[in-house]
Amino acid sequence: MSETLSEISRHALVTGASRGIGRAIALMLARMGCKVTVNYVRNGAAAAEAVALIEADGGKARAIGADISEPGAVAALVKEARGGFGPIGILVNNAGIARHSSVFENTIEDFDATFATNVRSAFLVTQAVLPDMRDLAFGRLIFLSSTAAQTGGVISAAYAGSKAALLGMMHHYAASLMPWNITANAISPAFIDTDIFAGVTLPPAEKLPLGRMGRADEVAEVARMIVTCGFMTGQTIQVNAGRYMT
Ligand code: NDP
């Protein structure tokens, strides 16, 4: 871990870390020496398994269940997380949902649920941890966007819109928080092999640009780089096997 990350800044909160990309990032941050708060909404057993994996590797982690689309739950999550491992210096806004539907059947319910879980949640959690980062004079904000923000993707208009909204939010935080040594960056994956695609028909893996799905730990590698690099802010890193090039 870079010398710029002092002991006090090594508490990382990862939303939606029970499974998939969030879990892989939580494991990576723990291996880097962070104490990790593993957030989840329903799947307590998977969150407990993520914590057990971190502890078996010699790391420190706690699982906290909270529906981060709810303001009251976010306040309670951040309070409990801070009480466990101290001020939060690293926040990974990872939790998200992808409700797949035909373009002619997108509903307002799906739109509202998608924006509440994918966008409002990131705003709520970020605002709740910013006082810690300001006091630490250190912060790393990471937003899990998606290549769908640029290509439209295969899920829905609401999903692609939610992921584009995260980029605008990230740009605002990046531009506003430099005086406090707080960086904000986004990771935009595509076709990473997780549960999020359950029920979605994807192109066969051999038809994807690199001939396979990506792995969650390949996304976690980018999170590691964002945390250790203090001179990069306001950027979006694509992890998509060349599906979309910047
Ligand atoms: P998964 O479906 O595998 O995991 C989703 C995680 O989010 C779970 O830990 C789940 O918790 C949690 N979660 C869902 N809703 C809430 C909520 N309201 N409050 C708290 N936690 C919640 O998804 P992925 O790992 O694939 O995706 C992670 C992020 O990456 C998402 O934002 C997704 O949009 C983005 N992404 C993923 C891509 C991919 O190819 N996989 C491509 C582009 C972007 P629980 O286990 O309790 O249900």
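## Salt bridges and side-chain exposure

Arg 23 has a relative accessibility of 16% and is therefore buried (buried means under 20% relative accessible area, exposed over 50%, and partly exposed in between, with a 1.4 Å probe and protein chains only). The model is predicted, so local features need pLDDT of at least 70 and side-chain atom pairs count only at pLDDT 80 or more, while totals for chains, interfaces and linings use all residues. Residues are numbered from 1 along each chain as its sequence is written, and side-chain values use heavy atoms, with hydrogens and water left out. The structure holds 10 salt bridges (a side-chain nitrogen of Lys or Arg within 4 Å of a carboxyl oxygen of Asp or Glu).

**A link between two helices**
- Arg 23 pairs with Glu 49 in a salt bridge, with an N to O distance of 2.9 Å.
- This pair joins distant parts of the chain, 26 residues apart: Arg 23 belongs to helix α1 (residues 20-31) and Glu 49 to helix α2 (residues 44-56) (helices are DSSP runs of H or I with at least four residues, numbered from the N terminus).
- Glu 49 is partly exposed, at 45% relative accessibility, whereas Arg 23 is buried.

**The pair Arg 134 and Asp 135**
- A salt bridge connects Asp 135 to Arg 134, and their closest N and O atoms lie 3.6 Å apart.
- Asp 135 is exposed at 63% relative accessibility, while Arg 134 is partly exposed at 46%.

**A salt-bridge network**
- Salt bridges link Arg 212, Arg 215, Asp 217 and Glu 218 in a network.
- Within this group, the side chains of Arg 215 and Glu 218 form a salt bridge at 3.6 Å, N to O.
- Arg 215 is partly exposed, with 43% relative accessibility, and Glu 218 is also partly exposed, with 23%.
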